[in-house]
Amino acid sequence: MGLYQKISQLREFLEETLKILYYYKSRVAFSFSGVALGILSICVIITTIDGANKKAYEIFEALGPDSIIIFGGSERQRTARERLVTLTVSDADMLEKVGGVYDVLRVFSLRNVNMKYKDRKWQTQVAGGTENYFYSFKWGLQSGSFFSNEAYRDAEAECVIGAKVYEELFKGEKAIGRVILIGRLPTKVVGVLNERGGSAGGPSMDDRVVMPLTTVTKRLANEKRFLSVIRLKTNRDVDATIEDVKMVIRKNHGIPEGGEDNFTTRSSKDILQFVSVISGSLFLFLGTASIIALVVSGFVLANLFYLTIQERKKDIGIRRAYGATRKGILMSFLFESVIITIMGGIAGVLLSVALQGLFERLFGIPMEFSFKVVFFAMIFSLLTGVLSGLKPAMKASKIEPIEAIRG
Amino acid sequence: MIILKNIKKSYFIGERELSILKGINLRIHKGEFVILMGVSGSGKTTLMNIMGLLDTKTYGEFYFMDTRVEDLNDEALAGFRNRHIGFVFQQFFLLPYLNAIENVLIPIVYSDKEIRHPREKARQLLERFNLADRTHNRPAQLSGGEQQRVAIARALINDPDLILADEPTGALDSKTGGEIMELFRMLNEDGKTVLVVTHDPKLASYGKRLIRIEDGTISEDITT
């Protein structure tokens, strides 16, 4: 048998299958949409987990693997909403002497500070940092400059604003050199930070104003003793450094042996762990949803096929009479089922691309599309098609031609 | 072409054996036009189904194209049907979702015969049966006579040696039925072996050989 004929046979077969699907289109639509939804969830899982991992890696990179963050209050105190500002300037001074520590950033932040430029108002957090703030965060500028050492020394009213704040107050206009009102303090904008995006699941890092620590403590808050956050960099092992840090602060805070810490330490490792917990719960939730969607649509598909087989007995008989083998009938039914689920799968993938924006807002995690997504989507579609089509197809293939024609 | 030796067929309904064919001896040669006649329940359709490799005998010897049929498995039987037999049924049995030309092409999908330009061949067959302007109509848009002519074109697309027709005029009025029988006569004159199963005595005159079945046995076999 020639190749030409093989191709022409295949063409007739494909055309016939499509016509059959079109003829039974309302039934096909049910299974098709079920599979599309299931595959959509699978695509969202994969891309979101990939996105979360990528994001986590970016944060890890940005923080530097050698960073340790310390903030006031224990985990329990934070949930109980007890007093959280417990870190002191003297803690920071002591920590500079801990072995391996080569950079200490002191931050005192104020939340929900009102700011104003012309008639535009915005409310956000003000972070008062030491001169090494931008170095510690590895954070660059899109325009202007960082505040100067002199501004820090003299507690001058200068600030560097985040991309989000720039967008809200200046809406694309020139910001450098302009004066905004922070609380009641007129402050000169000297720089605009690069956009950084949200930290995994948390608020956007771009929604903040950075000022010299001295200006915040002397002119905005009148705070001489306490700090909100201390960030360290170490050239020793991170976990070993954390042990030392805890010991120093506990001693400085006079916490007795066995007493509860009134502060919390975090390293980049914790952030990675946090992200993996998030993606784990996403996986669990969406994974369950998608498996249910696929199983249900698989059952629907199988049942509809059973119904059609009764209706198509004559169809099967005719094909058998004209030379279709049992295997041929089996394959053609299986093929129909797989075509439906593969088309559903393709629709699911396209849907996930189309709805990307929506999901990113919903989960707060960017989706990362890759070939892997398409691969898994197709595997799952194929599996659903074969598993749900197999039994009906086997039943169809067992029908004797004589029985089918007799009706 | 077909040799039947003492063919018996019975069904079991519970414990009770229901004998349909009670020892049929028959030879059908290439180029014959046979009318197989009998009343309903005489076993004529069962006999046709066995000769068409759609049903199996209970007892006896059956050779089709010099091959012992009981040696053939499902795949070989399907291949034999595809290569050698064209079926025509009382209810036409066209597939509702395919148009005329696609219905004619069904046997091609399962064929291993070398047929170049099958679509062109299907169109020519339909033209020959005065269906040139009906090639893209669905069965529901065709009259009974037109549907049966499409079915006959389908039976011919694969160049079979034998055409088996089971009550091909049963669902048609007598004028259209006569036209269909004329068509079979024409195909027979072209060299096809034709076997028509019917209960209608009026069709007897179309064939060259009349075989009468009564109660599972051949009661008359006349060659005119």
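Q: In this predicted model, at roughly what angle do the axes of helix 6 and helix 7 of chain B cross?
A: Helix 6 of chain B covers residues 144-156, and helix 7 of chain B covers residues 174-189. Their axes come within 10 Å and cross at roughly 15°.

Q: Is helix 6 of chain B roughly parallel or roughly antiparallel to helix 7 of chain B?
A: Angles under 35 degrees count as roughly parallel. The axes of the two helices cross at roughly 15°, and therefore helix 6 of chain B is, relative to helix 7 of chain B, roughly parallel.

Q: Is the crossing of helix 6 of chain B with helix 7 of chain B left-handed or right-handed?
A: Two packed helices are described by the angle between their axes and the distance between the axes. The crossing also has a hand: where helix 6 of chain B passes helix 7 of chain B, it is right-handed.

Q: Which residues of helix 7 of chain B does helix 6 of chain B meet?
A: Helix 6 of chain B contributes Gly144(B), Gly145(B), Gln148(B) and Ile152(B) to this contact. By class, the contact has three nonpolar, four polar and one charged residues.

Q: Which helix of chain B gives the most to the side of chain B that touches chain A?
A: Between the chains, 27 residues of chain B are in contact with 26 residues of chain A. Helix 2 (74-84) and helix 4 (106-109) of chain B each supply at least two residues of that side of chain B. With six residues, the one that gives the most is helix 2 of chain B.

Q: Which strands are the edge strands of the open sheet of chain B?
A: The open sheet has four strands in the order 2-1-4-5, with antiparallel pairing. Strand 4 (residues 59-64) of chain B pairs with strand 5 of chain B over two bridges, and Phe64(B) stands opposite Thr67(B). An edge strand pairs on one side only, and in chain B these are strand 2 (16-28) and strand 5 (67-68).

Q: In which sense do strand 6 and strand 8 of chain A pair?
A: Strand 5 (residues 141-144) of chain A pairs with strand 8 (residues 185-193) of chain A in the antiparallel sense. Strand 7 (residues 179-182) of chain A also runs antiparallel to strand 8 of chain A. Strand 6 (residues 158-161) of chain A joins strand 8 of chain A over four bridges, and the sense is parallel.

Q: Which residue in the turn between strand 7 and strand 8 of chain A has a positive phi?
A: These two strands form a hairpin with two residues between them. The residue in the turn with a positive phi, of about 60°, is Gly183(A).

Key
Residues are numbered from 1 along each chain as its sequence is written. Chains are lettered from A and ligands numbered from 1 in the order in which they are written. This is a predicted model: local features need pLDDT of at least 70, side-chain atom pairs count only at pLDDT 80 or more; totals for chains, interfaces and linings use all residues. Two residues are in contact if their C-beta atoms, placed from the backbone, lie within 7 Å. Axes are lines fitted to C-alpha atoms, for helices over the stretch in contact, and angles run from 0 to 180 degrees between N-to-C directions. Angles under 35 degrees count as roughly parallel, over 145 as roughly antiparallel, 65 to 115 as roughly perpendicular and the rest as oblique. A crossing is left-handed if the near helix is turned anticlockwise from the far one by less than a right angle, and right-handed if clockwise. Ala, Val, Leu, Ile, Met, Phe, Trp, Tyr, Cys and Pro count as nonpolar, Asp, Glu, Lys and Arg as charged, and the others, Gly among them, as polar. Two strands pair if DSSP finds at least two bridges between them.
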